[in-house]
Amino acid sequence: MAKRVLVIDDDEDILEILNIVFQENGYEIVLSNTGEAAEHIRVIHPDIVLLDVRIVGSVKSGPEICKEIKSQLETRHLPVMLVSAESDLAILAQECGADSYVAKPFDIFDLLSQVKEFVF
């Protein structure tokens, strides 16, 4: 069964690129340009969440969503990777409990490699 990746990012271009790349590599992908998808994690059942730090139009930031995922018994095991151009990304990832982070602009092969470490 294909591993499911949930990507939450307000940048439509990034969503499209990741959609193509992950599908070509055998993943099932769920895309969201708002943080609302995080409210449905129990229904989506992702194997990993890729989360932007700043999500325009979303009530919560990526780190806030990450903290919520990591604070709930049912979802705390779920790997969360912050994907952002923020200069203090490592600190943000550590503070919210993210399992990993990737700085934008990212190398697609690096990103795939990190995702594979968590879901296989």
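A polar contact here is a pair of N or O atoms within 3.5 Å; within protein, one atom must be able to donate a hydrogen and the other to accept it, and residues adjacent in sequence count only if both atoms are side-chain atoms.

## Ser100 and its surroundings

With that in hand, look at Ser100: its side chain makes a polar contact with the side chain of Gln114, at 2.4 Å. Ser100 sits in strand β5; helices (H or I, at least four residues) and strands (E, at least two) are DSSP runs, numbered from the N terminus. Ser100 counts as buried because its relative accessibility is 12%, where buried means under 20% relative accessible area, exposed over 50% and partly exposed in between (1.4 Å probe, protein chains only). Setting aside neighbours within four places in sequence, Ser100 is in contact (heavy atoms within 4.5 Å) with Val80, Met81, Leu82, Ala93, Gln114 and Phe118.

A word on the source: this is a predicted model, where local features need pLDDT of at least 70 and side-chain atom pairs count only at pLDDT 80 or more, while totals for chains, interfaces and linings use all residues. Residues are numbered from 1 along each chain as its sequence is written, and side-chain values use heavy atoms, with hydrogens and water left out.

## The sheet

Five strands make an open sheet in the order β2-β1-β3-β4-β5, with parallel pairing; two strands pair if DSSP finds at least two bridges between them. β2 and β5 (100-103) are at the edges with a single partner strand each, so one side of each has no neighbour in the sheet.

β1 (residues 4-8) and β2 (residues 28-32) pair in the parallel sense over five bridges, and Val5 has Ile29 as its bridge partner in β2. Further along, β3 (residues 48-51) and β4 (residues 80-84) run parallel and are joined by three bridges; there, Val49 has Val80 as its bridge partner in β4.

## The cores

A nonpolar core is a set of buried Ala, Val, Leu, Ile, Met, Phe, Trp, Tyr and Cys residues joined through side-chain atoms within 4.5 Å. Which members of the largest one touch the most other members? Of its 21 residues, they are Leu6, Ile8, Val49, Leu51, Ile69 and Leu82. Two or more residues each come from β1, α2 (41-44), β3, α3 (62-71), β4 and α4, and α4 gives the most, with four.

Another core, of 18 residues, lies apart from that one and includes Val5, Leu18, Val21 and Phe22.
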